[in-house]
Amino acid sequence: MKFTAGQIAGILEGEVHGNPEIAVHKLAKIEEGEEGSLTFLANPKYTSFIYKTKASVTIVNKSFVPEQELYTTLIKVEDAYKSFSKLLEYYNQVKNNKIGIEEPIFKSDTATYGADVYIGAFAYLGNNVTLGDNVKVYPNVYIGDNVKIGDNVILFAGAKVYSETIIGNNCVVNSGAVLGADGFGFAPNEDGEFVKVPQTGNVILEDNVDIGAGTTIDRATLGSTILRKGVKLDNQIQIAHNVEIGEHTVIAAQTGIAGSTKIGKHCMIGGQVGIVGHIVIGDNVKIQAQSGIGRNVKDNEVLQGSPALNYGDYNKSYVHFKNLPRIISRIDTLEKKD
């Protein structure tokens, strides 16, 4: 896809300084820009690169005044970073705007779909599946029986959506994600053998939820595992049965959340965090990477460590921990003097 500087300026409501007819067909970092590419300058630390870049077009703030000769056409906007992000979103919309049904696919006679859908080759749509308008189902996606999917949802290649799952509007499920697999439910019998407890619930994603590649969200034992609107999950996260995650909470990669834990809204959880089951985490909580959470957490807490401590207490304790060998040596010296 090619766009001229003039067309891009029209999308961004910007001003062209240079050749409005120059065309670009790819994106690049400013230090790696080459002919035919579009880049941006938002961070002053990278200003020197604008005089060297070979990018055909560069988006800059209106306040930018060049101090040397430029070889790139400028598009001046109010906020270069936001405008470039807007352009990336527009680019993705154009790139992903596939419509139609490829062959072969399997679609149950009872499966239905709305307007402007895309269903890629080797997709599977089970009994009573319903897809809304503008849904994109990429190749090799599995959608089990009785799944309901809203409008403007994207299921990337290889995603698996088990039966009874409900997905709201404007959601994205990336490749390799699994929604609705059985929760890890086993109970020992009289012989000490573990017997599976049937998992009869489902998974619910509300509107505007993003699920990263390779992330797994287990169906509830009873009831629902629920991700409230605006939740964003990174790659390779494990969400166990009956977990509930509040609105607009974000979670980084490789975090694991055990069964029946409730997490509040507007939380930020770092990578490789481990959270035990059957606890409640409040709203606006921040948990640093690699922390272990084994207790209820109040609203607005900031935690770090394993087991996790208050963030400030952890940092104070860590100072003493680093000095522990020296402190012990001093104690040993004092004891010898006694």
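## Helix α2

Helix α2 has 16 residues and spans 22 Å between its first and last C-alpha atoms, close to the 22 Å expected at 1.5 Å a residue. The expected span is 1.5 Å times one less than the number of residues in the helix. Helices here are DSSP runs of H or I with at least four residues, strands are runs of E with at least two, and both are numbered from the N terminus.

Ala80, Ser83, Phe84 and Leu87 are the buried residues named in α2. They lie on the same side of α2, because they cover an arc of only 95° around the axis. The arc is taken from the directions that lead from the helix axis to the C-beta atoms. On the face of α2 turned away from the buried side are the exposed residues Tyr81 and Lys82. Buried means under 20% relative accessible area, exposed means over 50%, and partly exposed lies in between, with a 1.4 Å probe and protein chains only. The buried residues of α2 pack against α1, β4, β5, β6 and β7.

## Basis of the model

This is a predicted model, in which local features need pLDDT of at least 70 and side-chain atom pairs count only at pLDDT 80 or more, while totals for chains, interfaces and linings use all residues. Residues are numbered from 1 along each chain as its sequence is written, and side-chain values use heavy atoms, with hydrogens and water left out.

## The five-stranded sheet

An open sheet of five strands has the order β2-β7-β6-β5-β4, with mixed pairing. At its edges stand β2 (15-17) and β4 (26-27); each has a single partner strand, so one side of each is left without a neighbour in the sheet. Helix α1 (residues 5-12) packs on this sheet and touches β2, β5, β6 and β7, and its direction makes about 10° with that of β7. Contact means heavy atoms within 4.5 Å. Axes are lines fitted to C-alpha atoms, for helices over the stretch in contact, and angles run from 0 to 180 degrees between N-to-C directions.

Strands β4 and β5 (residues 37-40) pair in the parallel sense over two bridges. Two strands count as paired if DSSP finds at least two bridges between them. Ser37 in β5 is the bridge partner of Lys26.

## Parallel strands β18, β21 and β26

Strand β18 (residues 160-161) runs parallel to strand β21 (residues 178-181), and two bridges join them. Here Val161 stands opposite Leu179 of β21. Strand β21 also pairs with strand β26 (residues 216-218), again in the parallel sense, over three bridges. Leu179 stands opposite Ile217 in β26.

## Salt bridges

The whole structure contains nine salt bridges. A salt bridge is a side-chain nitrogen of Lys or Arg within 4 Å of a carboxyl oxygen of Asp or Glu. One of them joins Lys26 to Glu34, with the closest N and O atoms 2.2 Å apart. Lys26 is partly exposed at 32% relative accessibility, and Glu34 is partly exposed at 40%.

Another salt bridge joins Lys62 and Glu78, whose closest N and O atoms are 3.2 Å apart. This pair links distant parts of the chain, 16 residues apart: Lys62 is in the loop between β6 (57-61) and β7 (73-77), and Glu78 is in the loop between β7 and α2 (80-95). Lys62 is partly exposed at 37%, whereas Glu78 is exposed at 65%. Glu206 and Arg228 form a salt bridge with a closest N to O distance of 2.7 Å. Glu206 is in the loop between β24 (202-205) and β25 (210-211), and Arg228 is in the loop between β27 (224-227) and β28 (232-233), 22 residues apart. Salt bridges with shared partners join Asp182, Lys196 and Arg219 into one network.

## Two loop residues

Glu247 is in the loop between β30 (244-245) and β31 (250-251). With a relative accessible area of 29%, Glu247 is partly exposed. Leaving aside neighbours within four places in sequence, Glu247 is in contact with Arg228, Lys229, Lys265 and His266. The C-alpha atoms of Glu247 and Lys337 are 61 Å apart, and these residues are 90 residues apart along the chain.

Ser108 is in the loop between β9 (106-107) and β10 (112-113). At 6% relative accessibility, Ser108 is buried. Not counting residues up to four places away in sequence, Ser108 touches Leu125, Gly126 and Asn127.
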